[in-house]
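Here is a short briefing to read alongside the structure. Have a look at the model first, and then the notes below will walk you through it.

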Amino acid sequence: MAMTAGTTTTFPMSNHTRERVTVAKLTLENFYSNLILQHEERETRQKKLEVAMEEEGLADEEVR
């Protein structure tokens, strides 16, 4: 089957395949949503720590 510009070919899918695709899609969406959320939380904790260190007058080297 050749595809030309502006046309799409659809293939028949069983319900089982459709359900597996939906589960895979939701799994990936959930994974990446959590990844972004964890990154934002990590940045917030880092900024909070930097503020606390600044208030205490500590430099990065003094913490170690």
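Predicted model: local features only at pLDDT ≥ 70, side-chain atom pairs only at ≥ 80, totals over all residues.

The chain as a whole has 2 helices and 0 strands.

**The helix H1**
- H1 runs over residues 15-56 and has 42 residues.
- From its first C-alpha to its last, H1 reaches 61 Å, which is close to the 62 Å expected at 1.5 Å a residue.

**A nonpolar surface patch**
- Leu28, Phe31, Tyr32 and Leu35 make up a nonpolar patch on the surface, and together they have about 420 Å² of accessible area.
- Leu35, one of these four, is found in H1.
- An α-helix has 3.6 residues a turn, so residues three or four places apart point the same way.
- Leu35 has a relative accessible area of 39%, so it counts as partly exposed, a class that lies between 20% and 50%.
- Phe31 is partly exposed as well, at 47% relative accessibility, and Tyr32 also comes to 47%.

**The aromatic pair**
- The count of aromatic pairs comes to 1.
- In this pair, the ring centres of Phe31 and Tyr32 are 4.9 Å apart and the ring planes stand at 85°; the pair is edge-to-face because that angle is over 60 degrees.

**The chain overall**
- Of the 64 residues in the chain, 2% are buried.
- The chain exposes about 6500 Å², with 57% of that supplied by carbon and sulfur atoms.

Notes. Residues numbered from 1 in each chain as written. Heavy atoms only, no water. Patch = residues over 30% accessible without salt bridge, like charges linked within 9 Å, V, L, I, M, F, W, Y side chains within 5 Å. Areas by Shrake-Rupley, 256 points an atom, 1.4 Å probe, with all protein chains shown as cover. Salt bridge = Lys/Arg side-chain N within 4 Å of Asp/Glu carboxyl O. Helix = DSSP H or I, 4+ residues; strand = E, 2+ residues; numbered from the N terminus. Buried < 20%, exposed > 50% of the residue type's maximum accessible area, 1.4 Å probe, protein only. Phe/Tyr/Trp six-rings, centres within 6.5 Å; stacked < 30°, edge-to-face > 60°. Expected span 1.5 Å × (residues − 1).
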